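Please keep the sequence and the model open while going through them.

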Amino acid sequence: MASLTLPSSSQSSAFLSTSSAAAAAASSSSSCCSLGHRTLSFNGSRSRIHVANTIRCDLSEPLNFANGKPNIPVLNERTLPKFLESARMEKTVTRSNTRIRVFSGTANPALSREIAWYMGLELGKINIKRFADGEIYVQLQESVRGCDVYLVQPTCPPANENLMELLIMIDACRRASAKNITAVIPYFGYARADRKTQGRESIAAKLVANLITEAGANRVLACDLHSGQSMGYFDIPVDHVYCQPVILDYLASKTVSSNDLVVVSPDVGGVARARAFAKKLSDAPLAIVDKRRHGHNVAEVMNLIGDVKGKVAVMVDDMIDTAVNKCLRVIGTIAKGAALLHQEGAREVYACCTHAVFSPPAIERLSSGLFQEVIITNTLPVAEKNYFPQLTVLSVANLMGETIWRVHDDCSVSSIFQ
């Protein structure tokens, strides 16, 4: 049988990323760098932000990717995005780590190590094996009796295998007498199947929610669910983590005037998300790509609602799969939307999303030159073969680590994002 034993966080170098500009400066000068002053203002409360004590992550080996060197991650100590700074964040919380355990599945161990590093904890010891016939075996290698256990496992590709692994991890913790079990799901893969669009379809999001609940989870912590109603499918509490501040913090490092920005929704369904994003970017104007589908597997962009001429367009969505938004399509709406924005006179086009599924042929579309930069987060692991020069990967580990602490300490989670 194949066996995999995950290392503890002390055996690997955790790294958290902020901006590619800071990384370039760090690599050319010293281990310390400054992001400088930022030109965008958020909520009208401040217009200049300064980030200090930023150090470059030490990589054990140079990154050599045939598809182009990715942006070097930057370690920003144990701090949250500047956008979340407020007086409430300075409140001292007594944190005891004697009854908390964080375990990682095999889907995204790098993110799990970063979360544990932020929390000042060691990853729990767990043995995960796969038998020759594909069955999964899980054994906890330390006691969790009476502990609050957090299992970090996104249901990324292969989705069914990673989902089953999560369910078995939950069952193992339940049978080991854990006090509370929280399934930390950075990417909830079945969230797109949240309603019936045609007759005789399943609602797989509800089915998966039932499976997680029946396996023994007491709580779910998820990042940027595809739709808000997915929280209602669970019969247990769901903490919804919004990764928007991480991307906003990175965009704030760009020397772009707020008057030159326009936030673009790739379709009508994403208007609410884009509007909230635009409000944080100094209430930037909003544009909408209007698309008309002539077939189930074809999405055709018809026109643009709003003015983007001479502006920097920022396309916002929750995920990029085949370089389309939300569903698998043969002709990608994000790529076609970017082409439309250039036709309408946009100076630059940025694509921002939380979850980078990158199903083929996403890489070809995103690296075709339509985008100045493609900004994603590490809720899903990005394979080395999927790197391309325009790609920037930001870490949500600090945000998720802070959320886990607040859940453990019975503190407010929503106040982080207010």
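1. Helix 2 (residues 109-119) packs against helix 9 at an angle of about 60 degrees, and the two axes lie 8 Å apart. That angle makes helix 2 oblique to helix 9, since angles under 35 degrees count as roughly parallel, over 145 as roughly antiparallel, 65 to 115 as roughly perpendicular and the rest as oblique. Axes here are lines fitted to C-alpha atoms, for helices over the stretch in contact, with angles running from 0 to 180 degrees between N-to-C directions. Helices (H or I, at least four residues) and strands (E, at least two) are DSSP runs, numbered from the N terminus.

2. In the contact between these helices, Leu111, Glu114, Ile115, Tyr118 and Met119 of helix 2 meet Ala397, Asn398, Met400, Gly401, Glu402, Ile404 and Trp405 of helix 9, where contact means heavy atoms within 4.5 Å. By class, this contact of helix 2 with helix 9 has eight nonpolar, two polar and two charged residues; Ala, Val, Leu, Ile, Met, Phe, Trp, Tyr, Cys and Pro count as nonpolar, Asp, Glu, Lys and Arg as charged, and the others, Gly among them, as polar.

3. On provenance, this is a predicted model, in which local features need pLDDT of at least 70 and side-chain atom pairs count only at pLDDT 80 or more, while totals for chains, interfaces and linings use all residues. Residues are numbered from 1 along each chain as its sequence is written, and side-chain values use heavy atoms, with hydrogens and water left out.

4. Where does serine 395 lie? Serine 395 is in the loop between strand 18 (391-394) and helix 9 (397-408), and it is buried, with a relative accessible area of 9% (buried means under 20%, exposed over 50%, partly exposed in between, with a 1.4 Å probe and protein chains only). The side chain of serine 395 makes a polar contact of 2.6 Å with that of glutamate 114, and another, of 3.3 Å, with the side chain of asparagine 378. A polar contact is a pair of N or O atoms within 3.5 Å; within protein, one must be able to donate a hydrogen and the other to accept it, and residues adjacent in sequence count only if both atoms are side-chain atoms.

5. Helix 3 and helix 4 have axes that come within 8 Å and cross at roughly 25 degrees, and the two are therefore roughly parallel to each other. Leu163, Leu166, Leu167, Ile170, Asp171 and Arg174 in helix 3 meet Val208, Leu211, Ile212 and Ala215 in helix 4, and the residues of this contact divide into eight nonpolar, no polar and two charged.

6. Some backbone details deserve a look in the loops. The peptide bond from proline 157 to proline 158 is cis, with omega near -5 degrees, and proline 158 is found in the loop between strand 8 (148-152) and helix 3 (159-175). Arginine 200, a residue other than glycine, has a positive phi near 65 degrees and is exposed, with a relative accessible area of 83%. Serine 282 also has a positive phi, of about 55 degrees, although it is not a glycine, and it is partly exposed at 26% relative accessible area.

7. For the chain as a whole, there are nine helices and 18 strands, and of its 418 residues 55% count as buried.
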